[in-house]
Amino acid sequence: MSIKNNHKHPIKVSIVMPTYNKYHQTSLSLYGLSKQTFPQAEYEVILVDDASSDNTPNIFKEADVPFKFKYIRMKQNKGRSSVRNIGINHAEGNLLIFLDGEMLAPPAFIENHYKHHVHESNLVVTGAMHYEGVYTFIMPDYNEDQVAHLKELVSRDPEYRRLYENYEQTQQHSNVPCPLVTKEDINTNRFQRLSFPNRYFLNSGLKHFGERLEGFTLPYIAFLSGNVSVRKANLKKSGLFDETFVGYGAEDWELGYRLYKNGVQFVLDPSTVAYHQEHGISKRKVKEQWGNHYRFVKKHPNIDVLILSLEWKELPFMHMHQTLVEYKELKKRFPDEYNELTHAFRVMLFRIIEYLNNGQPVTKLYELPPGSEERIKIHQQLETLRPRGFDYLASSFEQIYYL
């Protein structure tokens with residue numbers, strides 16, 4: 001580990017930043033973190049380089065930062081969970097902020113996270129639900145949708161449009177990223193002209209539950225490790241990231257689920273938002289995501305985890321929440337009357353992720369011979385759900401039973 005600004009002032013906040021082959025974006029991210037309103041001597045940034053093959057090792061020499069800066073380079077690629085755990089183990093602060101290496105933090109970012117944790121010790125605070133993306137570089141591996149989106153954004157600003165047009169004329173076939181946003185643009189907030197909101201989670205139902213997700217049955221999905229804060233003591237109680245999760249996806253939800261089960265309160269705060277610097281999207285991500293989701297449901301085969309399988313059907317989180325509420329109410333009111341249906345529902349939810357992980361077609365999730373006793377009971381039970389007010393559960397069941 002290499003350290004800059006190794007002063008002896010007590011550290012209150014440790015920012016754990018994993019990075020892999022994102023040299024250009026990470027350099028800008030560190031610059032953004034150097035402009036924080038939070039006292040510079042009271043926070044540290046721990047950059048864990050997961051064996052990058054680009055210029056990332058040069059960042060430590062190049063970075064002119066006022067905060068305590070720790071750079072840890074892995075000799076071999078370990079994966080997102082492992083490198084975050086390494087960052088946690090080197091953290092001096094009682095409050096940890098997990099921030100991806102390509103996240104650009106506004107000046108009050110640390111302060112706005114920290115203020116929540118001053119008077120409460122049992123919180124997870126996230127700005128990730130109020131997602132903002134930004135194009136800081138023209139990356140050679142952007143897909144067609146990203147290129148079209150960037151062209152639309154640069155058209156709003158003469159200087160950015162000029163830079164993009166110059167790129168098209170002189171560097172279009174280059175493999176080198178072309179800078180759009182400068183440090184001065186960060187100082188003046190001009191970079192926001194290339195930013196855009198993506199409220200996937202909020203628009204899928206979370207905004208109905210308010211800042212503290214009151215009554216929401218799946219609050220752990222707010223634990224998105226690209227931008228989230230939690231006290232170190234809560235992690236010691238619930239455990240760190242599970243290092244069997246390798247690659248993209250679900251490792252943060254799995255840790256969030258353990259925190260949720262230990263009674264941590266989740267808070268959504270738009271003032272803790274950071275800007276995700278867009279980059280090319282790896283085609284491996286989808287396969288990795290289903291593989292990790294499969295690990296998640298195998299580790300926690302509980303209905304409040306299995307219910308997320310409905311996301312494959314593009315059902316909004318509000319629908320999943322209402323389905324889960326009705327499932328629990330059904331088990332409470334009729335503990336012995338719907339055993340066949342609820343068993344089939346759980347099995348089908350698990351098999352959705354199992355089939356996706358195995359690359360199988362997601363169909364025929366619960367086949368039963370025509371006329372079998374179990375099949376007859378399931379159909380009889382299904383017919384009584386809506387008359388008894390279990391509309392969401394009936395709808396969710398039908399959407400996967402008849403695949």
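1. Start with R388: its charged end sits over the ring of F334, 4.3 Å from the ring's centre. A charge sits over a ring if NZ of Lys or CZ of Arg is within 6 Å of the ring centre and within 35 degrees of the ring normal.

2. A quick word on the model. It is predicted, so local features need pLDDT of at least 70 and side-chain atom pairs count only at pLDDT 80 or more, while totals for chains, interfaces and linings use all residues. Residues are numbered from 1 along each chain as its sequence is written, and side-chain values use heavy atoms, with hydrogens and water left out.

3. Now the aromatic pairs: searching the whole structure turns up 29. The rings of Y164 and Y167 have centres 6.1 Å apart and planes at 40 degrees, so this pair is tilted. For the rule, rings of Phe, Tyr and Trp (its six-membered ring) pair if their centres lie within 6.5 Å; planes under 30 degrees apart are stacked, over 60 edge-to-face, and the rest tilted. Elsewhere, ring pairs join F38, Y43, F60, F67, F69, Y71 and Y114 into a cluster.

4. Where do Y164 and Y167 lie? Both are in helix α6 (residues 158–170), three residues apart, which is about one turn of the helix. Helices (H or I, at least four residues) and strands (E, at least two) are DSSP runs, numbered from the N terminus.

5. Which residues of α6 are buried? They are Y160, Y164 and Y167. These cover an arc of only 55 degrees around the axis, which puts them on the same side of α6; the arc is that of the directions from the helix axis to the C-beta atoms. Y164 has 7% relative accessibility, and Y167 has a relative accessible area of 6%. Buried means under 20% relative accessible area, exposed over 50%, and partly exposed in between (1.4 Å probe, protein chains only).

6. What covers that buried side? The list includes β9 (137–138), α5 (144–154), β10 (178–179) and α7 (183–188). The face of α6 turned away from the buried side carries the exposed residues P158, Q169 and T170. At the N-terminal end, D157 caps α6, with a side-chain oxygen 3.0 Å from the backbone nitrogen of E159.

7. Have a look at E132 in strand β8 (residues 132–134). E132 is buried, at 14% relative accessible area, and its side chain makes a polar contact with the side chain of R199 (3.1 Å). A polar contact is a pair of N or O atoms within 3.5 Å; within protein, one must be able to donate a hydrogen and the other to accept it, and residues adjacent in sequence count only if both atoms are side-chain atoms. Leaving out residues up to four places away in sequence, E132 touches several others, among them S195, F196, P197 and Y275; contact means heavy atoms within 4.5 Å.

8. Last, check phi at A51: about 65 degrees, a positive value although A51 is not a glycine. A51 lies in the loop between β3 (43–49) and α2 (59–62).
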